[in-house]
Amino acid sequence: MSETPQVSKADPKDRARALQSLLIEQGLASTDAIDEVVSKYEQEIGPMNGARAVAKAWTDPDYREWLLEDGSAALDDLGYTGMEGVDMGVYENTSDVHNVIVCTLCSCFPWPVLGLPPTWYKSPPYRSKMVKHPRRTLREEFDVDVSEDVEIRVWDTSAEVRYMVLPQRPAGTEGMSEEELADIVTRDSMIGVERLGDEHVEDLR
Amino acid sequence: MTDEVDRTIEEIKDAVGPPQDGDRLVFDAPWQARAFGLVVTLYRQGLFEWNEFQSRLIEQVQVDAFEDQEEDPESVYYRQWIAAFEQLLADKELLDDVALEERTLEFAHGERDASEFVVGEEGGHGHTH
């Protein structure tokens with residue numbers, strides 16, 4: 001796979017159109033199918049999927065246990081299946097451990113639960129810095145100050161496994177319903193670059 | 001290290017701006033959506049394993065790592081995505097290199113345009129399933 005085809009120099013817009021045009025002609029794709037995928041990922045599949053799983057784990061101890069033990073099955077149970085053959089690992093943030101996900105090699109992302117990856121996640125700085133200096137990167141780039149006595153675990157996506165972080169449930173949310181809880185869970189908190197309730201850090205300590 | 005790596009993540013976030021709709025993201029450009037949609041569509045038909053695509057994407061990302069990085073990161077990502085997909089189709093003999101090059105030039109020169117993808121359009125080449 002060393003030689004680069006000539007077309008790689010062309011405008012990516014034309015290359016994408018040429019691919020679609022030829023694949024449709026060969027009966028391997030249809031515009032409807034492609035549009036359906038795109039609108040699904042723009043409209044339906046997004047961090048709200050992951051957020052629902054998180055809220056369920058916060059309110060249902062059995063589900064939480066299942067999610068942490070067999071993320072693929074527990075997420076599949078909510079209908080969030082994606083790229084088959086790829087397992088989902090879910091790691092829980094606690095008062096001793098802070099987890100963060102990255103894909104150093106190619107920016108692969110847990111699409112079915114978090115939707116499309118944000119631009120910075122795909123950028124070379126994030127991919128290299130988070131692995132080398134996670135504590136500093138979290139502090140300097142994301143305003144997340146993880147104290148020295150909390151271990152930071154960086155999960156680098158592989159071909160076989162995608163990861164998602166189960167954030168800590170913020171204080172003061174005791175009476176909230178599962179639905180209300182899902183609303184406060186953000187994409188960044190499930191990547192591990194945000195701690196929910198950080199704006200009230202003092203309350204949490 | 002490249003300049004790109006020295007850029008801060010903050011700078012990239014600022015350049016991109018906040019998502020238009022809360023925590024929801026959409027594609028920046030139709031060609032990026034098209035690139036993503038094509039790969040997922042063919043994958044769903046079982047024409048390849050996800051890791052076959054992923055391994056080629058990794059190669060593209062490595063090859064590209066030291067190139068001029070003035071290009072916006074979204075565009076870089078989906079350009080690499082397309083290159084990986086082309087390589088995969090070539091390796092699987094699902095697509096002819098020459099035909100792809102010709103077709104790309106036809107779009108580049110305006111002999112064809114995206115109207116052929118509009119459902120119901122005259123002269124469309126699409127098979128509807």
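Predicted model: local features only at pLDDT ≥ 70, side-chain atom pairs only at ≥ 80, totals over all residues.
In H1(A), the residues Asp14(A), Arg15(A), Arg17(A), Ala18(A), Ser21(A) and Leu22(A) meet Ala99(B), Leu100(B), Arg103(B), Thr104(B), Phe107(B) and Ala108(B) of H6(B). By class, the residues of this contact of H1(A) with H6(B) are 6 nonpolar, 2 polar and 4 charged.

- H1 of chain A runs over residues 12-25, and its 14 residues reach 20 Å from the first C-alpha to the last, close to the 20 Å expected at 1.5 Å a residue.
- The helix is mostly covered, with 13 of its 14 residues buried.

**Packing against H6 of chain B**

- The axis of H1(A) and that of helix H6 (residues 97-108) of chain B come within 8 Å and cross at roughly 120°, which makes H1(A) oblique to H6(B), since angles of 65 to 115 degrees count as roughly perpendicular and those over 145 as roughly antiparallel.
- The handedness of the crossing between H1(A) and H6(B) is right-handed.

**Packing against H5 of chain B**

- With helix H5 (residues 73-91) of chain B, the axis of H1(A) comes within 10 Å and crosses at roughly 40°, and the two helices are therefore oblique to each other.
- H1(A) passes H5(B) in a left-handed crossing, and the contact is made by Pro12(A), Arg15(A), Ala16(A) and Leu19(A) on the side of H1(A), with Tyr78(B), Arg79(B), Ile82(B) and Phe85(B) on the side of H5(B).
- Of the residues in this contact of H1(A) with H5(B), 6 are nonpolar and 2 are charged, while none is polar.
- Arg15(A) is named in the contact with H5(B) and also among the residues of H1(A) that meet H6(B).

**The side of chain A that touches chain B**

- Across the two chains, 57 residues of chain A are in contact with 68 residues of chain B.
- On the chain A side, H1, helix H2 (31-44), helix H7 (119-122) and helix H8 (124-132) each supply at least two residues, and the largest share, 14 residues, comes from H1(A).
- The residues on this side of chain A divide into 30 nonpolar, 15 polar and 12 charged.

Technical notes: Residues numbered from 1 in each chain as written. Chains lettered and ligands numbered in written order. Helix = DSSP H or I, 4+ residues; strand = E, 2+ residues; numbered from the N terminus. Expected span 1.5 Å × (residues − 1). Buried ≥ 20, exposed ≤ 12 C-beta atoms within 10 Å, placed from the backbone. Axes fitted to C-alpha atoms, helices over the stretch in contact; angles between N-to-C directions. Parallel < 35°, antiparallel > 145°, perpendicular 65-115°, else oblique. Left-handed = near helix turned anticlockwise from the far one by under 90°. Contact = placed C-beta atoms within 7 Å. Nonpolar A, V, L, I, M, F, W, Y, C, P; charged D, E, K, R; others polar.
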